[in-house]
Amino acid sequence: MSDVHPDHIHSPGAHEESKLETISADGIDRRGFLKCMAWAGTGMVWSFVGGVPVSHALGRSSHNPSHADFSFVQISDSHIGFNKPANADVTATLQAALDKIGAHPVAPDFLIHTGDLTHGSKPAEFDTLNQVLTASRNQVFYVPGEHDTSSDDGKLYLERYGKGTKGNGWYSFDHKGVHFIGLVNVVQLEGMGKLGQAQLDWLKQDLKGLKNSTPIVVFAHIPLWAIYPAWGWGTSDSEQALGMLRRFGSVSVLNGHIHQVMQKVEGNLTFHTAMSTAFPQPAPGAAPSPGPLKVPAEKLRDVLGITHANFVAQKHELAVVDSSLSGATVEAHETPVL
């Protein structure tokens with residue numbers, strides 16, 4: 001729905017191809033991933049300064065918030081309705097994240113929720129989510145997670161959040177010179193996420209009239225890059241979508257699903273996964289399978305919170321800093337550009 005309000009966004013100029021910031025014999029640096037685990041459970045504050053995306057941990061002031069063209073916050077994986085030992089009160093931790101957003105010195109223009117709003121896609125769970133988010137008085141843009149669509153193919157999700165969207169809930173909107181695209185890759189699950197031909201055809205048309213200089217922000221639930229295919233942490237046909245986006249000078253791709261921060265820079269594309277506000281998950285390959293990771297009760301809010309990522313176009317560096325719900329901070333992680 002290209003007519004959904006806010007107006008058009010931008011990311012920086014070209015980067016050269018880079019690789020994951022952490023690599024080992026199997027493609028995974030365990031120590032690096034465990035370090036990222038300290039970031040699990042946060043949201044992400046994004047500001048745009050002269051078309052350059054700058055992000056930082058929620059609850060931690062950005063470098064020059066008053067100079068930003070605008071900012072928005074990414075939250076993800078609230079899993080309302082989940083009540084197992086990994087977090088017996090996910091509504092409270094979502095509220096804590098929203099409180100941090102409300103306490104930020106510069107109010108964001110809107111929030112983006114990158115899926116798994118609920119744990120079981122039940123009406124009562126959606127009701128609770130609506131009550132919490134409505135109280136925050138922020139405009140919210142959504143895409144579904146697999147927990148929002150698995151029980152009824154997303155019918156209830158679409159009834160509540162799909163007005164004006166296409167297909168299974170995909171859409172786009174423009175905000176202050178940046179073009180935002182919300183994609184759905186959780187309905188045609190085949191091990192990994194899948195966009196499907198109908199959505200790819202729509203995306204081609206959506207991008208057709210945009211100039212190469214238009215900043216693009218893409219958001220979807222499952223990562224659009226292959227993080228750990230053995231666990232389904234990737235999207236099987238994402239390369240078709242990414243191929244359409246490579247002509248643009250600045251593209252930021254925001255995802256959730258894996259409940260931990262990871263980042264990659266590939267040409268003009270910058271990829272970020274966000275933490276959950278509900279519970280962390282194990283680092284890829286660090287457990288027999290993905291799923292809720294229980295930590296000591298006193299440590300839970302250390303691994304839930306919100307995140308800021310900063311892009312410095314002149315240096316071609318991407319830095320992400322996390323601020324947990326407990327107030328603890330994690331030093332910036334930078335993805336080098338090769």
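Predicted model: local features only at pLDDT ≥ 70, side-chain atom pairs only at ≥ 80, totals over all residues.
## Exercises around strand 8

In strand 9, Val253 is the bridge partner of Val218. Residues are numbered from 1 along each chain as its sequence is written, and side-chain values use heavy atoms, with hydrogens and water left out.**Exercise 1.** Work out how strand 8 pairs with strand 9, and how the chain gets from one to the other.

*Step 1.* Find the strands: strand 9 covers residues 251–255, and strand 8 covers residues 216–219. Helices (H or I, at least four residues) and strands (E, at least two) are DSSP runs, numbered from the N terminus.

*Step 2.* Check the pairing. Strands 8 and 9 run parallel over four bridges; two strands pair if DSSP finds at least two bridges between them.

*Step 3.* Follow the chain from strand 8 through helix 6 (residues 238–245) to strand 9: this β-α-β crossover is right-handed. That is, with the strands pointing away from the viewer, the path from the first strand over the helix to the second runs clockwise.

**Exercise 1.** Which way do the side chains of strand 8 point, and are they buried or exposed?

*Step 1.* Recall the rule: in a regular strand the side chains alternate between the two faces of the sheet.

*Step 2.* Now look at the strand. Ile216 and Val218 point one way, Val217 and Phe219 the other.

*Step 3.* All four are buried. Buried means under 20% relative accessible area, exposed over 50%, partly exposed in between (1.4 Å probe, protein chains only).

**Exercise 2.** Which residues touch the most other members of the largest nonpolar core?

*Step 1.* The largest one has 31 residues, and Ile181, Leu183, Leu207, Ile216, Val218, Leu245 and Val251 touch the most other members.

*Step 2.* Helix 5 gives the largest share, four residues.

**Exercise 3.** What kind of aromatic pair do Phe110 and Phe180 form?

*Step 1.* Rings of Phe, Tyr and Trp (its six-membered ring) pair if their centres lie within 6.5 Å; planes under 30 degrees apart count as stacked, over 60 as edge-to-face and the rest as tilted.

*Step 2.* Here the centres are 5.4 Å apart and the planes make 75°, an edge-to-face pair.

Note on methods:
Core = buried A, V, L, I, M, F, W, Y, C linked by side-chain atoms within 4.5 Å.
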